[in-house]
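Subject: Handover of a structure, with notes

Dear colleague,

I am passing this structure on to you, together with an account of what was found in it. Please read the notes with the structure open beside them.

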Amino acid sequence: MEEVKEVISMPRIGDQAPSFEAMTTMGPIKFPEDFKGQWVVFFSHPADFTPVCSTEFLAFAQMNEEFAKRNVQLLGLSIDSVFSHIAWAMNLKEKTGIEIPFPIVADADGRVAKLYGMLHPGESSTATVRAVFIIDPNGKIRAIIYYPLSAGRNMREILRLIDALQTADKHGVATPANWVPEPQVWEFTEENTKVIVPPPTSYEEAVNRAKQGYEYIDWYFCKKKLS
Ligand code: BEZ
């Protein structure tokens with residue numbers, strides 16, 4: 001019998017963003033049609049209720065206004081249901097006071113993740129890597145970044161890349177290494193030196209998490225300083 005191989009697509013820079021329809025935390029979308037005229041940062045995270053992803057969502061949420069000023073819409077995705085996304089966004093709001101102001105695509109069957117090459121089986125066959133697709137107002141993919149499961153992204157670099165692409169388009173120029181639109185006052189603080197404690201893997205561990213001396217945000221989301 002002939003072997004049936006699953007086709008994994010890997011969109012590339014310069015391709016039109018593959019089309020899909022999906023449910024999000026802010027209702028159904030047709031992508032990229034519904035976002036024509038806007039830049040989109042379409043990013044995947046491994047899973048809801050995981051600590052590194054939580055820090056990324058909080059960082060994206062806090063920089064949402066900077067993205068909006070540049071006509072950029074943020075759009076998240078993971079292989080989770082819309083109910084899980086909603087519960088996680090509500091949990092982040094309850095624990096930190098920060099609201100997630102952008103939609104998150106529910107991709108429980110991994111259909112969109114496969115279409116965008118967000119699953120890298122050598123890293124995980126069930127959780128999407130930290131992929132970032134920057135898509136321009138004509139629906140063309142202009143940049144792609146991949147990060148592994150263990151390292152949270154640098155949101156300032158994503159914003160810098162948007163600035164570089166928009167500057168190149170506007171002025172017909174290219175931008176050199178370490179280019180920034182204006183001198184930056186980097187706001188990295190003590191907070192940025194902390195690391196994430198791996199989440200508990202049993203109910204008992206989860207219940208005991210609060211007593212272990214970590215910086216405790218919730219049972220799955222604790223930080224510490226390396227000594
Ligand atoms: C995290 O976001 O903390 C995470 C998710 C999947 C694997 C490793 C870490």
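The notes below take up the domains, the ligand and then some local features.

Please keep in mind throughout that this is a predicted model.

To begin with the overall arrangement, the domain assignment divides the protein into domain 1, covering residues 20-155, and domain 2, covering residues 187-227, and the centres of domain 1 and domain 2, taken over C-alpha atoms, are 23 Å apart. Where domain 1 and domain 2 meet, 13 residues of domain 1 are in contact with nine residues of domain 2, and about 790 Å² of area is buried between them, with carbon and sulfur atoms giving 73% of that area. On the side of domain 1, F49, P51 and K95 together supply 54% of the area buried against domain 2, which is more than any other three residues supply.

As for polar interactions across this interface, the rule finds zero salt bridges between domain 1 and domain 2, although three residue pairs, with both residues at pLDDT 80 or more, are in polar contact. The side of domain 1 that touches domain 2 draws at least two residues from each of the helices α1 (51-62) and α3 (82-96), and the residues of that side divide into six nonpolar, six polar and one charged.

Turning to the ligand, the residues around it are P46, T50, P51, V52, C53, R130 and L149. In the side chain of T50, an N or O atom is 3.0 Å from an oxygen atom of the ligand, while P51 and V52 come in through the backbone: a backbone N or O atom lies 3.3 Å from a ligand oxygen atom in the case of P51, and 2.8 Å from a ligand oxygen atom in the case of V52.

Two points of backbone geometry may deserve a look while you have the model open. F31 and P32 are joined by a cis peptide bond, with omega at about 0°, and P32 lies in the loop that runs between β2 (27-31) and β3 (39-44). F49, which is in the loop between β3 and α1, has a phi near 55°, a positive value in a residue other than glycine.

Finally, the structure as a whole holds 14 salt bridges, and one of them brings together the side chains of E66 and K69, with an N to O distance of 2.8 Å. E66 and K69 are separated by about one helical turn, because they are three residues apart in helix α2 (residues 64-69).

How values were computed:
Residues are numbered from 1 along each chain as its sequence is written. This is a predicted model: local features need pLDDT of at least 70, side-chain atom pairs count only at pLDDT 80 or more; totals for chains, interfaces and linings use all residues. Side-chain values use heavy atoms; hydrogens and water are left out. Domain bounds come from an automatic or database domain assignment. Contact means heavy atoms within 4.5 Å. Buried area is the accessible area (1.4 Å probe) that two parts lose on being put together, summed over both. A salt bridge is a side-chain nitrogen of Lys or Arg within 4 Å of a carboxyl oxygen of Asp or Glu. A polar contact is a pair of N or O atoms within 3.5 Å; within protein, one must be able to donate a hydrogen and the other to accept it, and residues adjacent in sequence count only if both atoms are side-chain atoms. Helices (H or I, at least four residues) and strands (E, at least two) are DSSP runs, numbered from the N terminus. Ala, Val, Leu, Ile, Met, Phe, Trp, Tyr, Cys and Pro count as nonpolar, Asp, Glu, Lys and Arg as charged, and the others, Gly among them, as polar. A residue is near a molecule or strand if one of its heavy atoms lies within 4 Å of it.
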